[in-house]
Amino acid sequence: MTTFLAVAAENPGVLETISKTFGLNWPFFIAQVVNFIVVIIILKKFAFGPVQAILIERKTRIAAGEAKLKQIEKQLADSEANTAAAIAKANEEAVRLVNEARHGAAVFTEQKSQEAIAQAQQILTKAEAAAKADRERLHTELKREFGRLVAQTTSQVTGKILTADDQVRINEDALAKVEA
Amino acid sequence: MRYTFATFIFWILSPLTVLAAAESGHHALPLDAQRLHEIFPITNSMIMVWVAVGLIVLFCRAATRKMALVPAGFQNFAEWVIESLYDFLEGLMGAHLTKRTFWFFGSVFFFILVSNYLGLIPGVGTVGWDTLDAHGHKGFLPWLRGANADINMTAAMSFSFAILWLYWALTENNLRGFLAHIFAPKGNFEGVMLMLMIPVFLFVGVLEVISIAIRPVALTFRLYGNIYGGEQTLESLMNLIPTSLQKFLSWLPALPFYFMELLVGFVQALVFTLLCAIFLKLICDHGEEEHH
């Protein structure tokens, strides 16, 4: 429009000719400017506003999501490192416990074996003492029975009633001969 | 595929339109838009402006009625279209300028695109009244006219952009920077060389001012000329058929050019938007400063 005016100032009639030829005139021009402004306002409000808002919101969310993802990746890496350290520590502890358990088991086994041996020895000693006592008791009983039988036999052979002293002496003699 | 289907539909309707046009006995699309109301400055092209805006708003309302973060259907398509244009402009002008001015460039692009395609609908510019002027000359008044086939509309867009361009240029550069951008010597000149360069760049600045003043005029006539020329071409081709066959076959010669006009409609919308964006980028471009 400025150029038109500038050209028109130098060449009167040029602008008028152009305007007339193409139907360019102020009322229609202003009306179309108003139309265009309305078009822009309407499109900005109803078309680009909402769509751009949702696009911006989505971009913001994507950016936030990516930031969170990076944070999560970092946390995951930290967590993996912590887990690996914890597993290594647990392994060391487990190995230590197993070794301790093995050592403890060996000591316990040895202790129990010694106890069993001592107990068996004790039982054997007791059994031997009991057997010895039995043997002595049987020996005493046998001697008494043998003396009684010798005295009885002597009494029946001789037909004599033996006194207590005789019986003791005969028994001792008989036993001395048997034991000899 | 979408365009093929749309064109197919147009051409099913086309013979009917030509029949109607032939009945009305019109000859050619007038160069200027016709006034439809004696008191209000309403023209047949303005009707198409409102129809175009109505269609865009209806589409956008349908697309944004149930906005969701995970888009589907219309919303998905609308987002794809708008985001594609946004990314395209962002690549051209940078993030800051695009964020600030997208409402204008987006509106201009879609408005021109829809208007251009509406102008191709059979009946627009071809169906109307026969008129008789005071001298007895026969005329033709189409009921509807492509919005961009009216120079007032293209001028309105171009000069609106020129004013916005000045506003954005001043706010981005401030007055001193704006004037320096146009008149100051570019490059690292010192001493005598600088003295010599000052008048050169002052002259270049004057040329730049003339260039800036011509831009809206060029934008106006480029868009108007292409769209009006396209419609006029289609109409002239329809009249190539002999009169006896015109009622039934006049659509045939124009058929291949319809596809071209579909392309032209898109290209012109893109060219207008692109040129405006480049003009703005040129004045707001800080060169190396932007990188620091």
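Reader: In the hairpin of S1(B) and S2(B), which residue takes a positive phi?

Author: In this predicted model, where strands are DSSP runs of E with at least two residues, and helices runs of H or I with at least four, both numbered from the N terminus, the hairpin of S1(B) and S2(B) has five residues between the strands, and Gly136(B) takes a positive phi near 85°. Residues are numbered from 1 along each chain as its sequence is written, and chains are lettered from A and ligands numbered from 1 in the order in which they are written. Local features need pLDDT of at least 70 and side-chain atom pairs count only at pLDDT 80 or more, whereas totals for chains, interfaces and linings use all residues.

Reader: In what sense do strand S1 and strand S2 of chain B pair, and over how many bridges?

Author: Two strands pair if DSSP finds at least two bridges between them; here S1 (residues 128-132) and S2 (residues 138-142) of chain B pair in the antiparallel sense over five bridges, with Trp129(B) opposite Leu141(B) in S2(B).

Reader: Where does H5(B) bend?

Author: The bend at a residue is the angle between axes fitted to the seven residues ending there and the seven starting there, and H5(B) bends by about 105° at Asn174(B).

Reader: How many residues of chain B are in contact with chain A?

Author: Taking two residues as in contact if their C-beta atoms, placed from the backbone, lie within 7 Å, 37 residues of chain B are in contact with 31 residues of chain A. Several helices of chain B each supply at least two residues of the side that touches chain A, among them helix H5 (151-183).
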